[in-house]
Amino acid sequence: MIIAGISGSLRKNSTHRGILRHVNTVLAAKDITFCEVDISGFPLYDQDLNDQGIPAAVQTAHEQLAQADALVLASPEYNYSVSGVLKNAIDWFSRVENQAFNGKALSIMGASPGLGTARSQYHLRQILVFMNSVIVNKPEVMIGQASSKFNEQGDLTDDITKAHIAKALDALIKLCQQLAK
Ligand SMILES: Cc1cc2nc3c(=O)[nH]c(=O)nc-3n(C[C@H](O)[C@H](O)[C@H](O)COP(=O)(O)O)c2cc1C
């Protein structure tokens, strides 16, 4: 099994990139390959640009997603919604032929100082209806009070949250296996 992840935050010490690093650790122990897909080089979506072809950075990222059996999206909440960089990436992916989110098991995770990105996660679910992903409903991964659970480098340090993410990944793997039947 291969699982691919995208962070909706690009910054070096991002807590969402920290979530993906922890996801990698949990999956490695199960002999599951994980790769973080890089969306930092995507241009802003512009249909004129799209008409000239899918940009190379989008194509490369999409190929990684297509090779994966399941996906993890870890995104901050920006102004009560999905981060612009993640929405921009999804807009690009939605224009690629045989788009890779279609029918694929997907887990949403997020961390914030307040409500753990709950509001934005429900926006993200709505966007993913169009993408036709099959989203893990439970457990939800909404990490509140994030400053006490990550260090300055964005590494997840809280054991309860680590265990919760491991449970969410078990649910993702199970859903992925059910879809493969
Ligand atoms: C433009 C912007 C908007 C934000 N809006 C929200 C918000 O609506 N709700 C929230 O809980 N946090 C909000 N935050 C704080 C983020 O949750 C916080 O910066 C988080 O650590 C970003 O994730 P990262 O560590 O992966 O970069 C916002 C931050 C920025 C920069």
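**Loops, core and ligand shell of the predicted model**

N132, which has 11 other C-beta atoms within 10 Å, is exposed (20 or more such atoms within 10 Å make a residue buried, 12 or fewer exposed, and numbers in between partly exposed, with C-beta atoms placed from the backbone). The structure is a predicted model, in which local features need pLDDT of at least 70 and side-chain atom pairs count only at pLDDT 80 or more, whereas totals for chains, interfaces and linings use all residues. Residues are numbered from 1 along each chain as its sequence is written.

N132 belongs to the loop between α5 (118-131) and β7 (helices, H or I, are DSSP runs of at least four residues and strands, E, of at least two, numbered from the N terminus). Its phi is positive, near 60°, although N132 is a residue other than glycine. N98 likewise is not a glycine and has a positive phi, of about 50°; N98 sits in the loop between α4 and β6 and counts as exposed because it has 7 C-beta neighbours inside 10 Å. Most residues other than glycine have a negative phi, and most peptide bonds are trans.

Strand β7 contains I135, which counts as buried because it has 20 C-beta neighbours inside 10 Å. Apart from neighbours within four places in sequence, I135 is in contact with L106, I108, R125 and L128 (contact requires C-beta atoms, placed from the backbone, within 7 Å). Although I135 and V72 are 63 residues apart along the chain, 9.7 Å separates their C-alpha atoms.

The largest nonpolar core has 47 residues, among which L71 and L73 touch the most other members (such a core is a set of buried Ala, Val, Leu, Ile, Met, Phe, Trp, Tyr and Cys residues joined through C-beta atoms within 7 Å). At least two residues of this core come from each of β1 (2-7), α1, α3 (56-67), β3 (70-74), α4 (84-94), β6 (105-111), β8 (141-143) and α6 (159-180). When residues up to four places away in sequence are not counted, L73 touches I6, G8, L86, L106, I108 and L124.

Helix α6 has 22 residues and reaches 32 Å from its first C-alpha to its last. T161, I165, A168, L169, L172, I173 and C176 are the buried residues of α6; they lie on the same side of the helix because they cover an arc of only 145° around the axis, the arc being that of the directions from the helix axis to the C-beta atoms. On the face of α6 turned away from this buried side are the exposed residues D159, I160, A163, K174 and Q178. The cover over the buried residues of α6 includes α1, β3, β6 and β8.

Helix α1, with 14 residues, reaches 20 Å from its first C-alpha to its last, and its buried residues are T15, H16, R17, G18, I19, L20, H22, V23 and L27. Covering these residues are elements including β1, β2 (33-36), β3, β6 and α6.

The ligand is surrounded by 14 residues, of which S9, S14, H16, P76 and S112 are the closest (a residue is near a molecule if its C-beta atom, placed from the backbone, lies within 6 Å of it). To this shell, α1 (15-28) and β4 (77-78) each supply at least two residues.

Notes. Contact = placed C-beta atoms within 7 Å. Expected span 1.5 Å × (residues − 1).
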